[in-house]
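Work through the exercises below with the structure open beside you. Try each task before you read its solution.

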Amino acid sequence: MGAGTTGGSSTAAVVTTVGAVVVAAAVLVTSLAVDRAADAVAPAVPGPPPDARAEPLRLPPDVVDPGGYTFVDTGPGGQPVRWDPCRPVHVVVRPDGEPQGGRAALGAALEEVGEAAGLVFVVDGETDERPDPARRLVDPRRYGERWSPVLVAWSDAGEDPRLAEAAGLAGPAGYGEGSRRRWVSGSVVLDAPWFAENLPAELGRRRAEAVLVHELAHLVGLGHSSDPFSLMSPTYQSVYDLGTADRAGLARLGDGPCEGDAGRRDGDAGT
Ligand SMILES: [Zn+2]
């Protein structure tokens with residue numbers, strides 16, 4: 001539920017969680033799972049953070065756009081729902097069970113996806129927050145008056161049964177409706193035992209890094225691709241790198257306007 005209010009004002013919001021990677025033998029199979037927590041409530045929309053800027057913090061690369069990618073969500077006109085490129089995307093890590101090399105692999109994947117999307121990820125540090133599909137978009141007691149940072153949680157099937165068949169699950173959390181809708185937070189849940197098994201070997205490490213990039217691309221707002229050679233294919237095999245279409249989709253996701261928060265306190269009823 002995530003109900004909470006501050007300052008006497010409460011605003012409904014919609015939380016979306018997308019993305020699952022299912023691993024079977026040498027084949028990575030991903031499935032799309034969308035959970036909408038209709039009753040998730042955010043306190044009053046937090047004001048712009050001190051690290052917000054008037055211009056994008058970085059720009060996505062100029063890439064060929066062959067189409068063939070999808071977005072987690074789109075607004076009017078088919079434009080993707082995006083993150084605000086003028087502020088960093090803050091990340092916290094719940095380290096329980098983190099495998100050796102896991103943090104470095106995560107850091108490399110954050111840099112790769114951030115560069116491809118023209119977004120800046122900032123890892124704030126560690127948290128003991130547990131992953132929760134109905135996670136609060138704003139959690140003042142834990143994170144202060146700001147959008148909750150993206151939670152990257154090393155986990156296992158005991159905590160999240162979906163990890164019995166998935167190496168990772170990820171999705172952005174959105175706020176607002178229509179052309180105002182944007183990603184403001186999100187979660188990435190990683191199967192620590194699977195990564196611990198895969199990271200030590202060369203091929204396993206590449207596979208693990210591919211899963212991380214796949215999940216972080218979901219976090220940025222990229223959906224699955226029907227191209228079996230795409231890293232964003234729900235069923236992909238021996239694909240370890242972002243393809244041309246994947247990169248085009250990520251670049252579009254980072255090519256949005258600076259949103260700001262002023263005047264965005266109205267018309268955000270959740271559904
Ligand atoms: Zn996926």
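This is a predicted model: local features need pLDDT of at least 70, side-chain atom pairs count only at pLDDT 80 or more; totals for chains, interfaces and linings use all residues.

Residues are numbered from 1 along each chain as its sequence is written, and side-chain values use heavy atoms, with hydrogens and water left out.

**Exercise 1. The whole protein**

Task: State how many helices and strands the protein has, and what share of its residues is buried.

Solution: 
- Start with the elements. The protein has 5 helices and 13 strands. Both are DSSP runs, numbered from the N terminus: helices are H or I with at least four residues, strands are E with at least two.
- Now turn to burial. Of the 271 residues, 52% count as buried. Buried means under 20% relative accessible area, exposed means over 50%, and partly exposed lies in between (1.4 Å probe, protein chains only).
- Finish with contacts, meaning heavy atoms within 4.5 Å. Take the contacts with a separation of 6 or more: 74% of them join residues 24 or more positions apart.

**Exercise 2. The zinc site**

Task: Find which residues coordinate the zinc ion, and give their spacing along the chain.

Solution: 
- Look for the donors. These are N, O and S atoms within 2.8 Å of the metal (3.2 Å for Na, K and Ca); water is not among the atoms, so sites may look incomplete.
- His214, His218 and His224 coordinate the zinc ion, each through NE2, at 2.0 to 2.1 Å.
- Read the spacing along the chain: H-x3-H-x5-H.
- Histidine 214 and histidine 218 both lie in helix 4, 4 residues apart, about one turn of the helix.
- Check their burial. Histidine 214 has 0% relative accessibility, so it counts as buried. Histidine 218 is buried too, with a relative accessible area of 0%.

**Exercise 3. Helix 1 against helix 4**

Task: Describe how helix 1 and helix 4 pack, and which residues make the contact.

Solution: 
- Find the helices: helix 1 spans residues 102-117 and helix 4 spans residues 202-220.
- Take the geometry. The angle is about 45° and the axes are 9 Å apart. Axes are lines fitted to C-alpha atoms, for helices over the stretch in contact, and angles run from 0 to 180 degrees between N-to-C directions.
- Name the arrangement. Helix 1 is oblique to helix 4. Angles under 35 degrees count as roughly parallel, over 145 as roughly antiparallel, 65 to 115 as roughly perpendicular and the rest as oblique.
- List the contact. Helix 1 brings Ala105, Leu106, Ala109, Leu110, Glu112, Val113 and Ala117, while helix 4 brings Glu209, Leu212, Val213, Leu216, Ala217 and Val220.
- Sort by class: 11 residues are nonpolar, none is polar and 2 are charged. Ala, Val, Leu, Ile, Met, Phe, Trp, Tyr, Cys and Pro count as nonpolar, Asp, Glu, Lys and Arg as charged, and the others, Gly among them, as polar.

**Exercise 4. A closer look at valine 213**

Task: Decide whether valine 213 is buried or exposed, and find what it touches.

Solution: 
- Valine 213 sits in helix 4.
- Its relative accessibility is 4%, so valine 213 counts as buried.
- Leave out residues up to four places away in sequence. Valine 213 then touches Ala109, Glu112, Val113, Leu231 and Leu242.
- Compare sequence and space. Valine 213 and alanine 105 are 108 residues apart in sequence, yet 9.6 Å apart C-alpha to C-alpha.

**Exercise 5. Helix 5 and its neighbours**

Solution: 
- By class, the contact of helix 1 with helix 5 has 5 nonpolar, no polar and 2 charged residues.
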